[in-house]
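Hello,

Here is the structure I promised to pass on to you. Please have a look at it first, and then read my notes below.

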Amino acid sequence: MTTATTEPVRLPPGPRAPKFIQGIALLAARHGAIAVLGQRYGNSFTLNLPVFGQTVVVSDPVLVKELFSTSRDLMGRPTNNLGDVLGAGSMFSLDGDELLERRKLLLPPFHGKGMRSYERITEEEVMREIANWPEGREFETLEPMMRISLNTILRAVFGAEGPALDELRTLMPVAVTFGSRIALMPARVRRDLGPWSPGGRFAEYRRRMDALIDSLIADARADPAYKQRSDVLTLLLQARYENGEPISDEHIADELLTMLVAGHETTSAQLAWAVERLRRHPRLLKRLTDEVDAGGSELRLATIAEVQRTRPVLTAALRRTKKRIRLGDWVIPEDNTVMASIQLAQASEQSFPDAESFNPDRFVGAPPNPFAWIPFGGGMNRCIGAAFATMEMDVALRTLLREFRFEPTDAPGERRHSRGVAIAPGRGGRAVVYRRKTDASSRADSVAVADHGST
Ligand code: HEM
């Protein structure tokens, strides 16, 4: 268990190069640089990075477990610009008790009655997107996956339909891309200095997004079927803190945008990686198609877990110490960054024998250790949308395998490419597909629904 301590600081060793050199090396070769550091220093080391400062990196499941279960008096989230950009009501701006209270209200919508209708929405969005996929010609799947996940979030989370949905579909991709760029800029550049300044442009986007969300909130409240609605926006309007207070409308707007930013590019990049991996494993592809036709899901869920293990779209979960703490053998000072390396934890030979190979069977009938397999992070800040993302990936893959035969390829695997938020396949997860002419393809929503609650 992590404890507060007055012992002298004792940090794991690490490279001595100056801060900005370490920063450049990590930016230029993020995956490669972390892999080399892991080989050189093992599963704990100390870096000195721009923005984050002194950073202790851990990846051993024992330390990861300790880190994720550290009490909120000792460990919090690092300061982040995303909170500033998304607003005071965003989870990225909350910490400690406030965050815990908010998470208690945000988690239930992703595990309750809504999930069934979110599955239907996901399947509809996949069917709409694939209607025009070309046959026999190579194309990138990342952009289509981006549209599927955007539309799914707008309908299932924002509860948008009709003209509001159409407007959000156009506005959100531009506004979110602009917002993630400006989140990387210093605070003075983000200030609203008139319509031509970056801050001014973002403020204008934000006004338009807020106006649309206000109208969605008003529509939901006026809906005669308000009580039966299952979109996340409505469930948040109905939610109450322990003292009986609702979440304010402003905070609901901040949270909806937070979920879009956190859940849109991550899920689509992971799906594009799934296509990239499957085309390079033809025997698995055949087994997965047979499983879909038979109405099963076990191998498909194991495959999603293995895609997330071998090609994680986020590579680290970050925390900041609030006091001097002892974590395993290390004594880490107050106000220090601590990073659980998702990449190193999931590439470990001890946790995953023959870790380099892509082998979903390792997870069939054997759920992963939650401190070695950590694509959704863990503890206080664990991904709020993990069950939603797993459902989306499962329904999307099920539908794609039901509708298409994917042509295998022996081309080398696609390289990792950082898109700002997530790491995606460098060539966009290219695919060649042919439509399947099976009875199954005419049955919408025909396959047994898998349990998405556990991952
Ligand atoms: C494959 C898709 C996804 C992956 C791999 C992913 C991964 C992650 C990771 C690694 C974290 C940080 C966890 C930590 O620090 O311990 C996170 C946080 C978060 N995720 Fe996801 N995520 C995905 C999809 C989603 C979706 C669909 C949503 C919402 C609908 C979402 C909402 C969030 C939020 C709000 C947080 C912040 C939680 C907090 O800081 O308290 N994510 N996610």
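W133, F139, F404 and F406 come together as one aromatic cluster. Rings of Phe, Tyr and Trp (its six-membered ring) pair if their centres lie within 6.5 Å, and planes under 30 degrees apart count as stacked, over 60 as edge-to-face and the rest as tilted. Before you go further, please note that this is a predicted model, where local features need pLDDT of at least 70, side-chain atom pairs count only at pLDDT 80 or more, and totals for chains, interfaces and linings use all residues. Residues are numbered from 1 along each chain as its sequence is written, and side-chain values use heavy atoms, with hydrogens and water left out.

Back to the rings. Searching the whole structure gives 9 aromatic pairs. In one of them, the ring centres of Y41 and F45 are 6.2 Å apart and the planes are at 40°, so this pair is tilted. F45 is buried, at 0% relative accessibility, while Y41 is partly exposed at 23% (buried means under 20% relative accessible area, exposed over 50%, partly exposed in between, with a 1.4 Å probe and protein chains only). Y118 and F388 have ring centres 5.6 Å apart and planes at 65°, so they are edge-to-face. That pair links distant parts of the chain, with Y118 in helix α6 (residues 114-130) and F388 in helix α16 (residues 386-403), 270 residues apart. Helices (H or I, at least four residues) and strands (E, at least two) are DSSP runs, numbered from the N terminus. Y118 is buried at 1% relative accessibility, and F388 is buried with a relative accessible area of 5%.

Two arginines also lie over ring faces: R309 over F352, at 5.0 Å from the ring centre, and R277 over F358, at 5.9 Å. For this, NZ of Lys or CZ of Arg has to be within 6 Å of the ring centre and within 35 degrees of the ring normal.

Now for the ligand. Which protein atom is the donor of its iron atom? The only one is SG of C383, at 2.3 Å (donors are N, O and S atoms within 2.8 Å of the metal, or 3.2 Å for Na, K and Ca; water is not among the atoms, so sites may look incomplete). You will find C383 in the loop between α15 (342-346) and α16.

The ligand is surrounded by 29 residues, and the closest are R77, R103, R319, G378 and C383; a residue counts as near if one of its heavy atoms lies within 4 Å. G378 places a backbone N or O atom 3.0 Å from a ligand oxygen atom. Two or more residues of the shell come from each of α5 (96-106), α12 (249-278), β6 (316-321) and α16, and α12 gives the most, with 5 residues.

Finally, have a look at two backbone angles. Most residues other than glycine have a negative phi. V51, although not a glycine, has a positive phi of about 70°; this residue is in the loop between β2 (44-49) and β3 (53-58) and is exposed at 83% relative accessibility. D354 is not a glycine either, and has a positive phi of about 55°. D354 sits in the loop between α15 and α16 and is partly exposed, at 49%.

Best wishes

Note on methods:
Polar contact = N/O pair within 3.5 Å; in protein donor to acceptor, adjacent residues only side chain to side chain.
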